[in-house]
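Open the model in your viewer and keep the selection panel at hand.

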Amino acid sequence: MKVALKIWRYESSTGQKALKEYELDAPEEATLLDCLDIVKDRHDGTLAYRKSCRMMICGSCGMRMDGAAVLACNTRMYEIAQAGRVPVISAMGNLPVVKDLVVDMEPFWTKFKAMKPYLQPGFAEPPDGKEYLITQPEMNPIHKESLCINCGCCVSECNAMDSDPEFLGPQALAKGMRFVGDPRDHATVERLEEYSGQHGIWECTRCYFCNERCPKGVDPRDAIAKLGAEAVRLGVDRDMGARHAKWFVTSAKTTGWLRETELVPKTQGIVRSLKDTGFAIGLARKGKVPSPFPPHVAKDVDESRALYDLVKAQGRDGASGIVQGEKALAALDHGVHGADRDPYGPGSFPRPYLPGEEAAP
Ligand code: SF4
Ligand code: SF4
Ligand code: FES
């Protein structure tokens, strides 16, 4: 098939940048990565990009196609070529570009290391001196987070990192949840304290782009929501983001309304709110401040209170109360029907369903 690509070429040592178009012959099953290989082999050997496994495992080939992050080895070109589209390929966002499609991953790995991505068991070694065993049900809450291949596609599209490059970001925070949710790790509160600071959990703008672009179904935004819920559950709630979230709950439970006028002092504290009085008056003059006297209790407040009681009765405080994205649920909807399909014994990681097999009830 005939494939046409436009590729942003960039050379950091000179700052030169150019959009170059390439036309090539490729087999119908070719991926974007195969096409880049053809460009490099037959058209322009100076093209720079990263790759290794070619099968969505190593996380090396993250880049942008038409402005959205993809894994090149997971992007089929057939439909694109058939539609006559000429996609624009560029380096990932939110990381410095070194050359063409290669970005400097150092800031990414610095944040990754800041999460202390290793178990801190805090107790004696297992009696047999081997492994800390864990069952599959205990692993399920962090199954998604464990799937991350550190490709950076989520980081590339993160809104919050765009405005604050110091924000820990979706990949690092998802990794944090992988350890916060692991029952073998005994540094949960310490981790939550660290992740709740400036540039941490509460800086996420909830744009959900990371969930949308993650090729492995990690759903980093869900992981961040779980971290926030765990922080509040364990009393790690000094950050304004945590206080903001808590007031939403209190306000809905007590009156059924979101009492926005009280939201600011409840979130920022009285002293800081007073400092913002001039700003608030300016907003009020422009009609952007809600009435300070909303109806005190909503007519159907009982429904709101019943919902609160239901969640409490179910014991769904913390991470277990976070509703997972649909993609995540689909990713978890695999398993075994019985011992005959559990080749490594009870509690072992089940294999995914194959096409035509039924999902577990
Ligand atoms: S949801 Fe949060 S972490 Fe994810 S991309 Fe948006 S701002 Fe970044
Ligand atoms: S969370 Fe997903 S998109 Fe982000 S680095 Fe991990 S695998 Fe890649
Ligand atoms: S080459 Fe390894 S994930 Fe694409």
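**Stop 1: helix 3 and helix 7**

Helix 3 passes helix 7 in a right-handed crossing. Keep in mind that this is a predicted model. Select residues 106-114 for helix 3 and residues 169-180 for helix 7. The two pack at an angle of about 25°, and their axes lie 9 Å apart. Angles under 35 degrees count as roughly parallel, so helix 3 and helix 7 are roughly parallel to each other.

Now show the side chains. On helix 3, pick Phe108, Lys111 and Phe112. They meet Gln171, Ala172 and Lys175 of helix 7. By class, this contact of helix 3 with helix 7 has three nonpolar residues, one polar and two charged.

**Stop 2: helix 7 and helix 10**

Which hand does the crossing of helix 7 and helix 10 have? It is left-handed. The packing angle of helix 7 and helix 10 is about 50°, with the axes 8 Å apart. Helix 7 and helix 10 are therefore oblique to each other.

Colour the two sides of the contact separately:

- From helix 7, take Pro170, Leu173, Ala174, Gly176, Met177 and Val180.
- From helix 10, take Pro220, Ala223, Ile224, Lys226, Leu227 and Glu230.

Nine residues of the contact of helix 7 with helix 10 are nonpolar, one is polar and two are charged.

**Stop 3: helix 11 and helix 12**

- Helix 11 brings Met240, Arg243, His244, Trp247 and Phe248 to the contact.
- Helix 12 brings Glu262, Leu263, Lys266, Thr267 and Gln268.

The contact of helix 11 with helix 12 divides into four nonpolar, three polar and three charged residues.

**Stop 4: the largest pocket**

Finish at the largest pocket, with a volume of about 1200 Å³. How many residues line the largest pocket? The lining has 32. To find the centre, select Ala229, Ala245, Val249, Gly321 and Ile322, which lie nearest to it.

Colour the lining by class to end the tour: 17 of its residues are nonpolar, six are polar and nine are charged.

Technical notes: Residues numbered from 1 in each chain as written. Chains lettered and ligands numbered in written order. Predicted model: local features only at pLDDT ≥ 70, side-chain atom pairs only at ≥ 80, totals over all residues. Heavy atoms only, no water. 1 Å grid on protein atoms, 1.4 Å probe; cavity = no way out; pocket = protein on both sides within 12 Å on 5 of 7 lines; lining within 4 Å. Points joined across faces, edges and corners; volume = space filled by probe spheres on them. Nonpolar A, V, L, I, M, F, W, Y, C, P; charged D, E, K, R; others polar. Axes fitted to C-alpha atoms, helices over the stretch in contact; angles between N-to-C directions. Helix = DSSP H or I, 4+ residues; strand = E, 2+ residues; numbered from the N terminus. Parallel < 35°, antiparallel > 145°, perpendicular 65-115°, else oblique. Left-handed = near helix turned anticlockwise from the far one by under 90°. Contact = heavy atoms within 4.5 Å.
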